[in-house]
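Here is a short briefing to read with the structure open beside you. Take the topics one at a time and find each residue as you go.

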Amino acid sequence: MPYEQDETTVLDILRRRGIHIPAPCGGNGTCGKCIVKIAGEDCLACQTFFDEDMEILVESEGEISVLSVYEDMGPVECDRYESACGGEPARSFGIAIDIGTTTLAFELLDTRDGARLGVHSRVNSQRVFGADVVTRIAKAVEGAASQLNEYIIEDIHLGISELLTKTKIKQEEIVCIAITGNTTMLHLLRNLPCDTLGAYPFTPVTVASHCSSFADTEVIILPGISAFVGADIVAGILFCGWPKITGASILIDLGTNGEMALFTRDKILATSTAAGPAFEAGNISAGAGSVPGAIARAYCKQDCLSLNSQHLPESSVFICETINNKPPVGICGTGVVDIAAQLVYYGLADETGRLEDASEIVIAKTQAGQPIVFTQKDLREVQLAKSAVRSGIEILLGEAGLKYENIEKVFLAGGFGYRIDVENAVVLGLIPAPLKSKVQAVGNAALGGCARVLLSRTAAREAEALAAATTEINLATHPRFNELFMEYMGFEKEL
């Protein structure tokens, strides 16, 4: 029975009741992730029409691990909040918030000395409307904008409340909240129209910083750059040392959306890649979030080298490590990279990305004995994502007139970048081999930069200057993008 726009699906009902289940495709029936049990049968919630007599069983996905930490990149001048009468300033605290497409990260800081007092994280409830910003924009334009706004406001309130409970800080002691995120997330937060975000020439309503107050608390939203290069990248570059850096650096933030910047003291180039959610396992057959039991590391057994993969018994190809050492339930983003790289490195997939002698490979089995597979389609998803990112890196270098040897640091940001196996990223060609020794994982750089703006007037001014000085490179219209994209689709086992 075909889906009709005016009919209510089980997914619609679950959303209305605040029950959040994965739906990376936004309810189009293509990802196969919104599985519920109805009358004992597995059904796609987005393709099943609701009936009042239904008994719907939703299985919990478990608690997702969200990266709320970042590396220490040096002292911050804490000059935003000072005592009006001299002497010891009164107790005052601030909260930095990074609104990611998939997750939100919170950090509580003492505004007097910059002490980091607590972190918290939670899943972005908007993910039930789709895994990426393009799908969220489409849903907002179709009429779900108010729901999306309500979801993110509620997530922020709950996150702050949970953080304050953990740290035993009173609400009235919070003097400032600073917020960063990509441009779409900040539009949805402020309930701004998203119509022009999703249609050429992709114009945001605003990317300017915004200040307001709520219950005697100052609220600062950091400035962004464009529709697809947001305030999170501004915060990330600031965190990585701009404008005090001496050489050329690259920031790569591979979350649900791939954003990159190449910057020197005098020049900042930034771009966004249409990598899709593959690096967070959004379009992967057995993809899972960073939940207990998700395969986060995978190693090809050495005896695979002497065997034809067609004759290997099930589950004999990989040794896997799961989050919290729980029984396997699926594959998260870092596991996806490991598996793809190992398939290429050990010759189980050729340079074109074709799996040898199979359309899928069993990676592990669930506790119930169900196979967790990695398919030919999954490998293609990885190819598309890594080629988009690699092409972006090459174009930024070309536009800056720089070569690999001119780059001093490659900062990998975000939870995925923090946990990724760099060797495997190089095998895939995601990171150029000459840059391998220059890679530094920095954690949640967006949250770190947001914290700096929260604490320092100087950092806030630098964020404004940084956003104004950045030149965006539009990959979609760049004359070399299609050529590079095709070139880097293949695998060359770079080391």
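What covers the buried residues of H10? The cover includes helix H4 (231-239), strand S12 (268-273), helix H9 (445-455) and strand S20 (470-472). Keep in mind that this is a predicted model.

**Helix H10**

- H10 runs over residues 457-469 and has 13 residues.
- From its first C-alpha to its last, H10 reaches 18 Å, close to the 18 Å expected at 1.5 Å a residue.
- Ala 459, Ala 460, Glu 462, Ala 463, Leu 466 and Ala 467 are buried in H10.
- These residues sit on the same side of H10, because they cover an arc of only 160° around the axis.
- An α-helix has 3.6 residues a turn, so residues three or four places apart point the same way.
- Arg 461 and Ala 468 are on the other side of H10, and they are exposed.
- The N-terminal end of H10 is capped by Ser 456. A side-chain oxygen of Ser 456 lies 3.1 Å from the backbone nitrogen of Thr 458.

**The cavity**

- How many cavities of 30 Å³ or more does a search of the whole structure find? The search finds one.
- The largest cavity has a volume of about 90 Å³.
- It is lined by 13 residues. The closest to its centre are Leu 186, His 187, Thr 206, Val 207 and Ala 208.
- Helix H3 (residues 183-189) gives the largest share of this lining, with three residues.

**Val 76**

- Val 76 is in the loop between strand S3 (56-57) and strand S4 (93-99).
- Its relative accessible area is 27%, so Val 76 is partly exposed.
- Val 76 touches Arg 452, Leu 455 and Ser 456, leaving out residues up to four places away in sequence. Ser 456 is also the residue that caps H10.
- Val 76 and Gly 114 are 38 residues apart along the chain, and their C-alpha atoms are separated by 7.0 Å.

**Ser 391**

- Is Ser 391 buried or exposed? Ser 391 counts as buried, because its relative accessibility is 0%.
- Ser 391 belongs to helix H6 (residues 376-400).
- Beyond its neighbours within four places in sequence, Ser 391 is in contact with Phe 481, Leu 484, Phe 485 and Tyr 488.

Technical notes
Residues are numbered from 1 along each chain as its sequence is written. This is a predicted model: local features need pLDDT of at least 70, side-chain atom pairs count only at pLDDT 80 or more; totals for chains, interfaces and linings use all residues. Side-chain values use heavy atoms; hydrogens and water are left out. Helices (H or I, at least four residues) and strands (E, at least two) are DSSP runs, numbered from the N terminus. The expected span of a helix is 1.5 Å times one less than its number of residues. Buried means under 20% relative accessible area, exposed over 50%, partly exposed in between (1.4 Å probe, protein chains only). The arc is that of the directions from the helix axis to the C-beta atoms. Contact means heavy atoms within 4.5 Å. A polar contact is a pair of N or O atoms within 3.5 Å; within protein, one must be able to donate a hydrogen and the other to accept it, and residues adjacent in sequence count only if both atoms are side-chain atoms. On a 1 Å grid over the protein atoms alone, a cavity is a set of points where a 1.4 Å probe fits but cannot get out, and a pocket is an open set with protein on both sides within 12 Å along at least five of seven lines; lining residues have an atom within 4 Å of a point. Grid points are joined across faces, edges and corners, and a volume is the space filled by probe spheres set on the points.
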